[in-house]
Amino acid sequence: MRKRLRHLPLKKQLNILIFTTVIPLTIIGLYLLYALLDYSRAYQSIVSNISTANQYSQAFKPEMDEDIYRIVVSGKTFEEITGDQDLEDPYAVLDGCRKTFTTLQSATRDEQSLRWLQVLVRNIDTLRERVDDIRESCETGDNYDENIAMLNSDVYILTALIQEDIQTYIYYQVKYMDLMRVAMEKRVVTFITVMVLVLGASVAASSVLARRAAASIAVPIRELSQVTHEIAGGDFSARAEVSGSVDIELLQTSVNDMASHLEVMVRQIREDERKMRKADLRLLQEQINPHFLYNSLDAIVWLIEDRKYDEAEDMVVSLSRYFRLSLSKGREFISIRDEEQHIRSYLEIQQVRYHDILQYEIDIDPSLYQYRIMKLTLQPLVENALYHGIKNKRSGGTIRVTGRKEGSLVRLSVEDNGAGMDEKELASLREEIAKPCSGTTSGFGMANVNERIRMNFGPSYGLYLESQKDVGTTVTVTIPAQSLEENTNEEADHAQTP
């Protein structure tokens, strides 16, 4: 029997081997293809859900509040607003919003996100009932004070809840996206494990056939076995030397092709994961705080009502400059000059609102203006200094922003003389910002900045915190001194690379 098997043509021996390996490999390949397609569909669905919800995230509350407020103040009935181009029918806005989020319920898989959608729809229905109350009050006659009271106690609170529900839904969708990524990583590990087992079985079968094959093919088969063992161990760069009979060469070439495909597939999966993580951070980074915009517009209205037209004009210019620099035509990197102007505009706006407690100084060496920095690096630190430092001090305070070049490094500091932290609080915050921002429970803004710096420049760069209780806090940003033109050239070279 052994003699008869040894004299079988190599093609028939390989057919036996192929029969024992192709079926499992096909099943694994189909499983991997199904997993990737399912993952892609789910990922696209979540991105679509977030994009749809984000359309209402920024505009729903201010538009709804303004429309109902203007109806109450103007004394118009809801029937009269149909012909007014400056006002939008609140019922049309509510119906469109409810329809959108009802549709999202059928497209949402995550239970937590779905629960918040159900809460959101209930709040929309409640808001519609409150609008009905105001409408009835407007139609009955002179109930201005009562309408204003309902506007403040009912409508504004409900629109704030709805906007918060939308933000919470977006948060859980992003969180669910991260859970999907972790699940996909586990699938990849399972796939590699099964592939290792299949390849191990292939090696065993090849060894049996090699011992029964002619001496002329024994050595190539043994070398091929070694290569497949290295691939099974995770070395996808291993290749078999093509030599021996035509049949053996065909097998060696096939194994080499399989290793190449596996290497490309694993590299692609890792690259997709990196891009997805960067897209998550970019999505969180680009969201504009609607409360900041709403409060700023309120402050402008107050200035105009107090006939402080010059101050109102200055604040409008600062607000326009702030959002123009926030967008930066979609660029991720801007010059330090633009970043300085961005925080200056932010502080100018906030000083109007907190003029009794806030002072600021900006002292960045002009020689740093040519270097690049990630957009929205300093603004979250300045905002943190204001809300957690100066405001908690409950008295006047100063925020000081400085920048200097030290060798090949750029160091930028945001310092406040606010409430500060004790050693325990400081150690806890340092630990939080060292985590990925998706895993933080506090200090999310600083964790986001720190993670983006390390992702783009390397682990040796980032944030460093110093603080003393009742003395103040200093956050230092360390980045490499790289010119903005150098970054532009690198992006152009990358775009031309096939």
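How far should the 18 residues of helix H11 (residues 336–353) span at 1.5 Å a residue? This is a predicted model: local features need pLDDT of at least 70, side-chain atom pairs count only at pLDDT 80 or more, and totals for chains, interfaces and linings use all residues. Residues are numbered from 1 along each chain as its sequence is written, and side-chain values use heavy atoms, without hydrogens and water.

**View 1. Helix H11, end to end.** H11 should span 26 Å, and its end C-alpha atoms are 26 Å apart, which agrees. The expected span is 1.5 Å times one less than the number of residues. Helices are DSSP runs (H or I, at least four residues), numbered from the N terminus. Buried residues (under 20% relative accessible area, 1.4 Å probe, protein chains only) of H11 include Ile-336, Tyr-346 and Leu-347.

**View 2. Helix H5, residues 111–140.** H5 has 30 residues. From first C-alpha to last, H5 reaches 44 Å, close to the 44 Å expected. Among its buried residues are Leu-117, Val-121 and Ile-124.

**View 3. A patch of negative charge on the surface.** Asp-310, Glu-311, Glu-313 and Asp-314 gather here. Patch residues have over 30% relative accessible area and no salt bridge; like charges are joined within 9 Å, nonpolar side chains (Val, Leu, Ile, Met, Phe, Trp, Tyr) within 5 Å. A salt bridge puts a side-chain nitrogen of Lys or Arg within 4 Å of a carboxyl oxygen of Asp or Glu. Asp-310 is found in helix H10 (residues 309–327). Asp-310 counts as exposed (over 50%) because its relative accessibility is 59%.

**View 4. A nonpolar surface patch.** Leu-30, Leu-33 and Leu-37 make about 290 Å² of patch. Leu-33 lies in helix H2 (residues 10–57).

How values were computed. Helices (H or I, at least four residues) and strands (E, at least two) are DSSP runs, numbered from the N terminus. Accessible areas come from the Shrake-Rupley method with a 1.4 Å probe; for residues, only the protein chains shown count as cover. Lys and Arg count as positive and Asp and Glu as negative; His and the chain ends are not counted. The place of a charge is taken as NZ of Lys, CZ of Arg, CG of Asp or CD of Glu.
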